[in-house]
Amino acid sequence: MTDLQHDPQHDNLPAINDSVSDPGLPAHLWRPTDVDPRLEKRAERQVASLFVLSMVCAVLFLVSYFALKVGDNPTVFLGSGASNVALGLSFGGALLFIGIGVIQWARKLMDDHEIIEMRHPAASPPEDREATLAALSQGTEESGIARRPLIRNTLLGSVTILLAPVVVLLRDLGPLPGDKLESTVWTQGMRVVRDVVGTPIRAADLEIGDLVNAEPEIIFAVDEEGEHVLEGVELQVAKSKAAVILLRMDPDDNTPGPGRENWSVDGILCYSKICTHVGCPISLNERKTHHLLCPCHQSTFDLADAAKVVFGPAARPLPQLPLAVDADGYLVAQSDFTEPVGPSYWGRDSG
Ligand code: FES
């Protein structure tokens, strides 16, 4: 069909240049709270109750933080530590009740009228800005925050008390670690054992090119309180800080750092397994180049050259553990690391 042919289906449509009349807005529907003062008062009390519930949750958060034990033997609840569950539920409740209260306030009590916004150029002229400010003032007036002291005060109370959990959580940034980052449990004569299985390693067990994940054969630790047996979390923390890799290379390939000429045994070297960038465990070894790659951000260390950084964001070489062999032929440490393991930290080199 061409444009000139008659189409009876379109007979009822207005001609193209006919103007379309503005349909206007539908009749305004008043809310129950707009017409019934009793319902309005009830809605006001509901909103205030939600803000009070928020305050109760914030107080429960503080009580949970101090009352529930965190550590070796946490009470388990819903599959998690009771402390975690209580902190999460109480803080979530505090935020949730404030949110619901504000929504109910807007839906039931703030002024309800339709607004027509005309399209206009992007840059607002000064008079529009003044109008915006006036609208903001009007909005504040219409929200009723000045007229409804019960809602205003309970909202202020719930938002203010919500700061307390935030401030209390800052406490978890401490205490400062003191000198705990400066040393590990390695001591003179402590055996190097295979990771997980814990079997000691003879120098003869390793062939050139082998790389083994290893750890100290920890039985005890020595600190300012003397010698004591390590158990549980304390043992796991000690082992994770002291994790090492052992590798064997042709002794002719190795260029020991100054003063480290006797830190290897028949080409067997031992380095910290913790990346000096941000602490990922490393063990991706390229046998031919003796390069060790960190999977997190690709820092690469040359194990044949005192584990110096040859690529990536790490700023320091991997700390090396001086190795020796005990009377039974097993690999042992000559001492602890001579520098802190792991990422850099504020004040690391000040001591
Ligand atoms: S943690 Fe190893 S490169 Fe970032």
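I'd like to begin with one cysteine: how does Cys-57 count, buried or exposed?

Tutor: Cys-57 is a buried residue, because its relative accessible area is 11%, and buried means under 20%, exposed over 50% and partly exposed in between, with a 1.4 Å probe and protein chains only. Please keep in mind that this is a predicted model, where local features need pLDDT of at least 70, side-chain atom pairs count only at pLDDT 80 or more, and totals for chains, interfaces and linings use all residues. Residues are numbered from 1 along each chain as its sequence is written, and side-chain values use heavy atoms, without hydrogens or water.

The structure has one disulfide, the term for a pair of cysteine sulfur atoms within 2.5 Å. This disulfide connects Cys-280 with Cys-296, and its two sulfurs are 1.9 Å apart. Around the S-S bond of Cys-280 and Cys-296 the torsion is about -90 degrees, which is why the disulfide is left-handed. Cys-280 belongs to the loop between β8 (268–272) and β9 (284–286), and Cys-296 to the loop between β10 (291–293) and β11 (300–302), so the pair ties together parts that are 16 residues apart in sequence. Those element names come from DSSP runs numbered from the N terminus: helices are H or I with at least four residues, and strands are E with at least two. The two partners fall into separate classes of cover: Cys-280, at 15% relative accessibility, is buried, while Cys-296, at 33%, is partly exposed.

Next come the aromatic rings. A search of the whole structure turns up two aromatic pairs. Phe-61 and Phe-91 make a tilted pair, with ring centres 5.5 Å apart and planes at 55 degrees. Phe-61 sits in helix α2 (residues 37–67) and Phe-91 in helix α3 (residues 82–108), so this pair ties together parts that are 30 residues apart in sequence.

Helix α2 leads us on to charged side chains. Arg-148 and Glu-44 form a salt bridge in which the closest N and O atoms are 3.3 Å apart. This pair links distant parts of the chain, since Arg-148 is in the loop between α4 and α5 (149–169) and Glu-44 is in helix α2, 104 residues away. Both ends are under cover: Arg-148 is buried at a relative accessible area of 8%, and Glu-44 is buried at 5%. Through salt bridges with shared partners, Glu-40, Lys-41, Glu-44 and Arg-148 are joined into one network. The count for the structure is eleven salt bridges, each being a side-chain nitrogen of Lys or Arg within 4 Å of a carboxyl oxygen of Asp or Glu.

Two other bridges deserve a look. Asp-112 meets Arg-31 in a salt bridge with an N to O distance of 3.9 Å. Asp-112 lies in the loop between α3 and α4 and Arg-31 in the segment before α1 (32–35), so the two tie together parts that are 81 residues apart in sequence. Asp-112 is partly exposed, at 31% relative accessibility, and Arg-31 is buried, at 13%. Arg-38 and Asp-36 form another salt bridge, at 3.6 Å from N to O. Arg-38 is exposed, its relative accessible area being 63%.

Ile-116 has its place in the loop between α3 and α4 (126–143), and Ile-116 is exposed, with a relative accessible area of 61%.

How values were computed
Rings of Phe, Tyr and Trp (its six-membered ring) pair if their centres lie within 6.5 Å; planes under 30 degrees apart count as stacked, over 60 as edge-to-face and the rest as tilted.
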